[in-house]
Amino acid sequence: MTDTWQGAPRVAADLRAMRLFTVLSLGLGMLIGGVVQVLLGVGVANGPRTVVLLVATTAAVLAGLTAIPLLLRGPDEVPPGHPLVLVLLALSGAVWVLAVVPPFAGWGWAFTLAMAGGVLSCLVRGRWRATVILGCWAVIGLGGLPGVLAPSRVGPPPDAAADAIVLSTVAVFTLLPLSAVWVQQVVLRLEHARRLASDLAVARERLRFAADLHDIQGHNLQVIALKSELAERLLTGQPERAGREIAEIRRIARVALDDTRAVVNDYRTVTVATEARNAAAVLRSAGIRCTARIDTPDLPVALGAVFAVAIREAVTNVLRHSRATEATIELVRVGTPHPAPPGADAAEYRLTVTNDAAGVPRRDGTGLAGLADRVAAQRGTVETTREGDTFVLVVRIPAPDAAGSAPPEPTAPGRRRGTGK
C-alpha cells in the first residue's frame with residue numbers, strides 16, 4: 001500500500017504528460033495534413049476555386065485543432081454529434097466535394113476529411129469505429145475515382161505511383177487520431193484498474209482486521225459478561241469466590257486489550273491446543289462439562305489459526321445460543337499419511353464440536369458464514385448437523401502434502417492469550 005501511494009503522484013504526472021503529448025501530436029498531425037493538402041492541391045487547382053479551397057481548408061484545420069481536446073475526455077463524455085465535430089466534418093466534407101467537382105482537383109484535398117473521419121472514429125464505440133474509417137475511405141476513394149477517370153481533369157497527367165502514395169498517406173492520417181486516443185484510453189483503463197485494486201486491497205485488509213477483532217473480542221466480551229453474572233450471584237453468599245471471579249474479569253479485560261494491540265501490530269500467535277484449553281475452561285466456568293482432545297502434533301501454523309477461530313466461534317455459539325450441560329471438542333488428523341497409496345483416502349484435519357440442549361438456530365448470524373469463508377480459503381468445509389437437542393459442528397481441512405507443507409505449530413504459544421486459567 002505504501003508503494004502505491006508513493007507512486008500515485010508520479011503516475012498522475014505521467015498521465016498529464018501523456019495527455020499533453022497526445023494533444024500536441026494530434027494537433028501537429030492536423031497542421032501537417034492541412035499544409036500537405038495545400039501544397040499538393042494548389043499545383044492542381046487554380047482560379048477562384050483554389051481560393052475557396054484554401055479558405056475552407058484553413059477553417060477545417062482550425063476546427064480540427066479546436067475539436068482535438070475533446071478526444072481526451074472520458075468515454076461517452078463527448079457525443080459524436082458534438083457541434084465542433086459537426087463543423088469539422090462539414091468543412092472538410094465541403095473541401096472534398098468542391099475538389100471532386102469536375103474538373104477533379106486532385107487527391108491532396110482529402111487530408112482534412114481523413115483527419116475528420118479519424119476524429120469521429122474516436123468518439124464512437126465498437127464496430128462503429130471500423131464503419132466510420134471504412135466509410136471515410138470509401139467517400140474519398142469513390143469520390144475521387146470519377147475525377148481520375150474523367151478526361152477533363154485539370155493539372156498534369158495522372159501519375160499512378162504518386163496517387164498511390166497520396167492515398168496511402170491519407171489512409172494513415174485517418175488512423176492517426178484513433179491510434180493515439182486508443183493508446184491513451186487503454187492507459188487510463190489500466191490506471192483505473194490499478195486504483196480499484198488499491199481500493200480493494202484496503203477493503204480486504206479492513207475486513208481481515210474486522211474478522212480478527214470479532215474473533216478475539218467477541219469471545220472475550222462473552223466470557224466477561226458470563227463471569228460478571230456469576231460474580232453478581234456469588235456476591236452475597238460467597239464474597240471470596242465473587243472476588244476471585246472479579247479478579248479474573250480484570251485479567252481477561254487486560255488480555256483483551258493486549259490482543260487488540262496484537263491485532264493492530266499483527267503479531268498475535270496462538271496455538272490451537274491453547275485455544276482448546278481456554279475454551280474448555282470457559283465452558284466449565286459456565287457450568288458446562290467439557291472434554292477436549294487435540295491430537296495433531298504436525299498441524300501447520302496457518303491451519304492451526306483457522307481451527308483456533310473455529311473453536312472460538314463454536315464455544316461462543318454454545319454460550320450464547322444453547323442451554324448446554326455437556327460439550328466436547330476434538331481435533332484429530334484422519335486418513336492415510338502422505339504419500340497415500342492409490343485409492344486410499346487423503347489425509348485431513350477434522351475438528352468436531354458437539355453440545356447438547358442446542359437452541360433455535362439463528363438465521364442472521366455471521367459467525368459461521370465468516371468461518372466458512374476462512375475454511376474455504378484452505379480448501380476445507382464446514383458442516384453443521386442437529387439431531388434432537390444435539391448440535392454438531394464439523395470442520396474439515398485437507399492436510400498439506402509433505403513436500404509443500406507449512407511448518408507445524410509450536411508446542412507453546414508465542415505469547416499467552418485466552419480466558420482459561
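Which residues form one aromatic cluster? Trp 96, Phe 104 and Trp 107 do.

This is a predicted model, in which local features need pLDDT of at least 70 and side-chain atom pairs count only at pLDDT 80 or more, while totals for chains, interfaces and linings use all residues. Residues are numbered from 1 along each chain as its sequence is written, and side-chain values use heavy atoms, with hydrogens and water left out.

**Aromatic residues**

A pair of aromatic rings is described by the distance of the centres and the angle of the planes. Rings of Phe, Tyr and Trp (its six-membered ring) pair if their centres lie within 6.5 Å; planes under 30 degrees apart count as stacked, over 60 as edge-to-face and the rest as tilted. The structure holds 4 aromatic pairs. In one of them, the ring centres of Trp 96 and Phe 104 are 6.0 Å apart and the planes stand at 90°, so this pair is edge-to-face. Elsewhere, the charged end of Arg 129 sits over the ring of Trp 182, 5.2 Å from its centre; this term requires NZ of Lys or CZ of Arg within 6 Å of the ring centre and within 35 degrees of the ring normal.

**Accessibility**

Buried means under 20% relative accessible area, exposed over 50%, and partly exposed in between (1.4 Å probe, protein chains only).

| Residue | Relative accessibility | Class |
|---|---|---|
| Trp 96 | 3% | buried |
| Phe 104 | 1% | buried |
| Leu 71 | 3% | buried |
| Arg 379 | 60% | exposed |

Helices (H or I, at least four residues) and strands (E, at least two) are DSSP runs, numbered from the N terminus. Helix α4 covers residues 111-123. Its 13 residues should span 18 Å at 1.5 Å a residue, and the end C-alpha atoms are 19 Å apart, which agrees; the expected span is 1.5 Å times one less than the number of residues. In α4, 13 of 13 residues are buried.

Pro 103 is found in the loop between α3 (83-100) and α4, and the peptide bond from Pro 102 to Pro 103 is cis, with omega near 0°. Leu 71 is in the loop between α2 (48-67) and α3. Leu 71 and Leu 123 are 52 residues apart in sequence, yet their C-alpha atoms are 7.2 Å apart in space. Leaving aside neighbours within four places in sequence, the contacts of Leu 71 (heavy atoms within 4.5 Å) include Leu 26, Val 119, Leu 123 and Val 181.

**The sheet**

An open sheet of 5 strands has the order β1-β2-β3-β5-β4, with mixed pairing; two strands pair if DSSP finds at least two bridges between them. The edge strands, β1 (289-295) and β4, each pair on one side only. Strand β3 (residues 348-355) runs antiparallel to β5 (residues 390-398) over 8 bridges, and Thr 352 has Val 394 of β5 as its bridge partner. β4 and β5 are also antiparallel, joined by 7 bridges, with Arg 386 opposite Phe 391 in β5.

Most residues other than glycine have a negative phi, and most peptide bonds are trans. Arg 379, in the loop between α10 (367-377) and β4 (381-387), has a positive phi of about 65° although it is not a glycine. In the hairpin of β4 and β5, with 2 residues between the strands, Gly 388 takes a positive phi near 70°.
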